[in-house]
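Thanks for coming, everyone. I have one structure to walk through today, so please look at the screen.

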Amino acid sequence: MSSFTPSLGLAFAGGLLTVLSPCILPILPLLLGRSLQSHRFGPVMLVVGLVAGFAFAGSLLGIVTQGIPALANHLRTIAVTLLIGLGVLTCLPKLAYRLSSLLPTGFATRASIPLGLAGEFWLGTQLGILWTPCAGPVLGAILVLAAVQHDGVNAFKLLTTYGMGAAVPLLMLAYAGRRLARSMTQLRIYG
């Protein structure tokens, strides 16, 4: 077990560094937008959900793509496209409302996100699943470490640790954005 500890440290550091990659950009509008609208622990639940979804999807992706390497590239393209689309819709709520009004009536009620902290967690899991193929080389390195050890449980631990490393700066960004928005609102009062 002691030989596994450095791998956990590297996974955590890799998660921290992932925030510097362009793959984080599609997540930021959703994270910041939701952090302004939700419960004060909403960003925590969103990021916990993201880590859970990422670890689960990453483990599954690692198992599936061992046999079909080209599948990972196609999944990455689909996930990045969906994340960018969701990010744009978060920044343009009128457009999101118009598009959702085009959906069949029953679809909106079946596909709605639960309210409150459970809804934040659920949204986070979906973001984690979409974000998994986008993590790219860092995810690849973690999956290689996991494959060398031939242990699904340790692979899940590595991916969870990686996700926790990414969670730290994401939470800092969410709460900094929340604080900045409140400061701007207070400045409007005086303006």
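First, a term: contact means heavy atoms within 4.5 Å. Among contacts in the protein between residues at least 6 apart in sequence, 86% join residues at least 24 apart.

Now the ground rules. This is a predicted model: local features need pLDDT of at least 70, side-chain atom pairs count only at pLDDT 80 or more, and totals for chains, interfaces and linings use all residues. Residues are numbered from 1 along each chain as its sequence is written, and side-chain values use heavy atoms, with hydrogens and water left out.

Next, the overall build. How many helices and strands are there? The protein has nine helices and zero strands. Helices (H or I, at least four residues) and strands (E, at least two) are DSSP runs, numbered from the N terminus. Along the sequence, the pattern reads α-α-α-α-α-α-α-α-α.

Burial comes next. Buried means under 20% relative accessible area, exposed means over 50%, and partly exposed is in between (1.4 Å probe, protein chains only). The protein has 191 residues, and 37% of them count as buried. Its accessible surface is about 11200 Å², with 74% of that belonging to carbon and sulfur atoms. Those areas come from the Shrake-Rupley method with a 1.4 Å probe; for residues, only the protein chains shown count as cover.

Now go inside. A nonpolar core is a set of buried Ala, Val, Leu, Ile, Met, Phe, Trp, Tyr and Cys residues joined through side-chain atoms within 4.5 Å. The largest one here has 25 residues, and Ile27, Leu31, Trp131 and Leu170 have the most contacts inside it. Which helices each supply at least two residues of this core? They are α2, α3 (42-65), α7 and α9. The most comes from α9, with seven residues. Take Leu31: neighbours within four places aside, it is in contact with Leu46, Val47, Leu170 and Ala174.

Thr125 sits in helix α7, residues 116-131. Buried or exposed? Thr125 counts as buried because its relative accessible area is 10%. Its side chain makes a polar contact of 2.9 Å with the side chain of Gln126. A polar contact is a pair of N or O atoms within 3.5 Å; within protein, one must be able to donate a hydrogen and the other to accept it, and residues adjacent in sequence count only if both atoms are side-chain atoms. Beyond its neighbours within four places in sequence, Thr125 is in contact with Gly49, Leu50 and Gly53.

Pro26 is in the loop between α1 and α2 (27-37). At 11% relative accessible area, Pro26 is buried. Leu82 is 56 residues away in sequence, yet the C-alpha atoms of Pro26 and Leu82 are 9.0 Å apart. Setting aside neighbours within four places, Pro26 is in contact with Leu83, Ile84 and Gly87.

Phe41 lies in the loop between α2 and α3. Its relative accessible area is 39%, so Phe41 is partly exposed. Leu117 is 76 residues along the chain from Phe41, and their C-alpha atoms are separated by 7.4 Å. Apart from neighbours within four places, Phe41 is in contact with Leu117 and Tyr175.

Last stop: Met172, in helix α9. Met172 counts as exposed because its relative accessibility is 56%.

That's the tour. Questions welcome.
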